[in-house]
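Hello,

Here is the structure I promised to pass on. Have a look at it first, and then read my notes below.

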Amino acid sequence: MRKAFTLLAASLLVISTACSSGNSTAPGGSAGAPSGDQPVTITIVDKDLQPDDPLLKGIEEGMKAEGKNVKLKLVPVQSGTYSEKLGLLLQSGNIPDLIYFQGGDYQFAVTQKILEDLTPYIEKSTHVKASMNPYNQERTKNYPYLVWLSPTSSSVPVVRQDWFDKTASGKELLVNPTVDNYYNFFKELKEKNGAKFAYTTAGTLDELDATFGQAFGLTSTWLKGEDGKYAFGKTTSFEKDKLEFYAKLYKDGLLDPEFLTKKWDTKEKAFYDGQAAVIAGTQGKVIDLYNAKSTSQNGAAAKVMPLPPAKGKGQGYTPVDVSKESRGFAIAKTAKNKEMAFAVLEYLASPKGQLLDKLGIEGDQYTVVDNKIKLTAKSAEWYPRFVESTVNFKPEFDPSTPYLSEPAAKSLDMMSKLSKKDNSFIIPAELAAKWDACNALYKEFAANVVTGKKTIADFDQFVQAWNAAGGKEMTDYANQTIK
């Protein structure tokens, strides 16, 4: 960052390392420290960074000001599916020091064992540890190879405030968000506001599940029956009831008839253009983006309003998987300066580092006026690449340009209050292919039921096929694993 933010004192970086072979020492040691004026080069791979990214220069300048002379060298990865292309890069022997994974990390962490255990680094850290929420803490405890300082990634449904205000059923929904009240609300939303359909989603039923799953009794991935044994929730009568409700939404014109072919951009466009009344997005910054675009296109009254999860047999958004981080940063065991690689993450989790990562460059994406941060028009072009978490991020913003809009902040609060841990677990390598086959079978069946190509009477046949595809083995493993 080019200028220090006067309200935030510089924090001492606690540099830590893992006990491992190579040119490293235990956390707190000095191996790999810069010699003289020569910077320590840390190679990094991340699909969201570009060679000329001002964030990289900002990190280097910020760390140097605190006595850590580092040079970040971005390793390119071929275009295409990131997890696949990253896998090819690592298999070739070109292993960066700091690696951003978005899937595909398990084989390198557990099978090939080229990723560092980050436990000692995190324990000795100041800022990384302070930026973790309880779910982050449990995931890294269960799987200590990735760190991802981000809110739990789940979906919260939102509706335009002006459209909500036109309904009579909306107030009843907030007081008592039953499945039936949601149905009535969707129906009135469409009728009163001229929408083509009430709800749209991008290709799957996952976002609907975030709102309705627990209400139908799907309170965890694996459900314990009266016999004390676990069954996969999507093979139970609760799933059967849920799919029947989704099929009703589809048949009655309340669910987007093209939801299976929708992509993220077309889903969002349908909402901004007034075709869809409700969409779901990740709490926090995504809801902030929805709010900004909706009001920009449709006026201030069209700000978005987060909606609660439906209430029934249970209530809550999608149960939170704590088996491992689904994405995040890892440090390679081959890195010669592991402690400096972690120091990059530690700096970015510090008060100054978070200002840089979240807000951008002072004088460009934001200014400081009367000791308060005022975001500029360019702030919309910037987004955090390392630390999305707002835990312990408390700088003072000008009231006219808050970091998060009111709907975005409310979505984070609702997610925090209405979420619970799941009992899902890491799928072992020997069962991964069968688990993928089982999930593909479920998705095809569920889509066919919702769109009317199959009926709920075919459910038992689906369960038999699911078990035959590997579901029985997965169920046996679940009963051995879940404590």
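**Strand 4 and its sheet**

Both faces of strand 4 are covered: S155, P157 and V159 on one side, and V156, V158 and R160 on the other, are all buried (buried means under 20% relative accessible area, exposed over 50%, and partly exposed in between, with a 1.4 Å probe and protein chains only). Side chains in a regular strand alternate between the two faces of the sheet. Because six of the six residues of strand 4 are buried, the strand is largely enclosed by the rest of the structure.

Before going further, please note that this is a predicted model, where local features need pLDDT of at least 70 and side-chain atom pairs count only at pLDDT 80 or more, while totals for chains, interfaces and linings use all residues. Residues are numbered from 1 along each chain as its sequence is written, and side-chain values use heavy atoms, with hydrogens and water left out.

Helices (H or I, at least four residues) and strands (E, at least two) are DSSP runs, numbered from the N terminus, and two strands pair if DSSP finds at least two bridges between them.

- Strand 5 and strand 8 (residues 276-282) are parallel partners over two bridges, and Y199 stands opposite V278 in strand 8.
- Strand 4 pairs with strand 8 in the antiparallel sense over five bridges, with S155 opposite T282.
- Strand 4 also pairs with strand 9 in the antiparallel sense, over three bridges; here R160 has V304 as its bridge partner.

The axes of helix 14 (residues 338-349) and helix 15 (residues 351-359) come within 4 Å and cross at roughly 85°. That makes helix 14 roughly perpendicular to helix 15 (angles of 65 to 115 degrees count as roughly perpendicular, under 35 as roughly parallel, over 145 as roughly antiparallel and the rest as oblique). Y347, L348 and A349 in helix 14 meet residues of helix 15, including P351, L356 and D357; contact means heavy atoms within 4.5 Å.

**Some loop residues to look at**

Which side chain of opposite charge is nearest to D97? It is K338, 8.3 Å away, and D97 is buried yet has no salt bridge (a side-chain nitrogen of Lys or Arg within 4 Å of a carboxyl oxygen of Asp or Glu). Lys and Arg count as positive and Asp and Glu as negative, while His and the chain ends are not counted. D97 lies in the loop between helix 2 (82-91) and strand 3 (98-101), and among its contacts beyond four places in sequence are T41, T43, I331 and K336.

K113, in the loop between helix 3 (106-111) and helix 4 (119-124), has a positive phi of about 55° although it is not a glycine. K113 is exposed, with a relative accessible area of 52%. N371, another non-glycine residue, has a positive phi near 65°. The loop between strand 11 (366-369) and strand 12 (372-375) holds N371, which counts as partly exposed at 40% relative accessibility.

Best wishes

Conventions
Axes are lines fitted to C-alpha atoms, for helices over the stretch in contact, and angles run from 0 to 180 degrees between N-to-C directions.
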